[in-house]
Amino acid sequence: MNLAYIPSPPQGVWYLAGIPIRAYALCIVAGILVAVWLTKRRYVARGGNADVVMDAALVAVPAGIVGGRLYHVITDNDQYFCESCNPIDALKITNGGLGIWGAVALGVLMVWVMMKVKGLPIAPLADAAAPGIILAQAIGRLGNYFNQELYGAETTVPWGLKIFYRVNENGALAPLTGHSTGEVIAIVHPTFLYEMIWNVLVCVLLLWADKKFNLDRGKVFWLYVAGYTLGRFWIELMRTDHATLIYGLRVNTITSTVLFIISVACVMWLSKNRTKDNPSREAQIL
């Protein structure tokens with residue numbers, strides 16, 4: 001066996017005084033904190049108020065969690081609503097399963113409502129937040145690593161990922177909450193890692209493009225959508241985990257294609273139709 005293979009973590013859950021500490025949740029929280037920090041700096045540089053970012057975070061985070069879970073449950077409903085399924089599992093967010101499409105959609109919608117109430121344009125905030133959002137997605141993908149999920153087909157590449165058997169204290173199979181036995185199930189493509197790297201690259205590209213071309217009016221946000229969906233499209237094609245299929249295609253492949261087309265069209269339209277609805281950008285952008 002190739003010693004260069006990446007080992008999966010022996011477990012994804014630790015217990016502190018009987019309370020489960022889940023790596024998946026910790027990664028999501030870390031991503032949120034980084035996104036808020038970066039968004040605040042960028043929004044202030046655009047002439048905005050840092051308090052607006054904090055208000056937006058208080059609205060977007062719970063909305064994003066609800067939206068992400070709804071998207072996952074709807075698109076993978078056969079995992080929760082079948083004869084042998086327990087519908088209550090649909091509420092168990094800590095077991096994994098948050099669709100980024102639903103998270104961003106509901107999060108943006110609720111922040112848009114908040115900004116309307118405040119009488120502020122959402123485009124400057126969306127542009128400020130875009131790099132932080134995709135960086136948070138990259139950090140969140142580490143949670144999939146600890147959960148041993150979202151991987152691709154078996155492979156012999158040196159960076160292949162070892163997937164271990166995990167069992168609970170009774171010796172029963174427990175992929176999410178158990179501890180590794182050291183027995184390897186398979187060596188697979190770490191598609192979560194591919195997406196993580198892609199997301200970091202898109203984040204760097206957004207920061208560079210924004211500073212280089214002084215982007216505004218939502219163009220950074222739509223470039224984020226275009227960049228992310230472009231990467232998600234080819235990564236989805238590599239995944240072999242369960243997914244809802246439409247005409248033989250994974251639902252996220254179709255979603256990526258549709259959103260990529262929409263986002264590119266939005267960038268082109270915004271580039272041709274300029275207005276002056278954004279705060280000052282005299283300060284240097286990160």
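Ala17 sits in the loop between β2 (13–16) and β3 (19–22); strands here are DSSP E runs of at least two residues and helices are H or I runs of at least four, numbered from the N terminus. Its phi is near 55°, which is positive even though Ala17 isn't a glycine. Ala17 is also exposed, at 79% relative accessible area. For these labels, buried means under 20% relative accessible area, exposed over 50%, and partly exposed in between, with a 1.4 Å probe and protein chains only.

A quick word on what you're looking at: this is a predicted model, where local features need pLDDT of at least 70, side-chain atom pairs count only at pLDDT 80 or more, and totals for chains, interfaces and linings use all residues. Residues are numbered from 1 along each chain as its sequence is written, and side-chain values use heavy atoms, leaving out hydrogens and water.

Arg217 also has a positive phi, and it lies in the loop between α5 and α6. Here are the two loop residues side by side.

| Residue | Phi | Relative accessible area |
|---|---|---|
| Ala17 | near 55° | 79%, exposed |
| Arg217 | near 60° | 7%, buried |

Now for helix α5 (residues 191–213). Its 23 residues reach 32 Å from first C-alpha to last, close to the expected 33 Å, a figure that comes from 1.5 Å times one less than the number of residues. The buried residues of α5 include Phe192, Tyr194, Val202, Cys203 and Leu206, along with Glu195 and Asp210. Its buried residues pack against α1, α4, β4 (161–167) and α6 (219–236), with contact meaning heavy atoms within 4.5 Å.

Finally, Phe233 is in helix α6 and counts as partly exposed at 33% relative accessibility. Phe233 and Thr253 are 20 residues apart in sequence, yet their C-alphas are 5.3 Å apart in space. Leaving aside residues up to four places away in sequence, Phe233 touches Thr253, Ser256 and Thr257.
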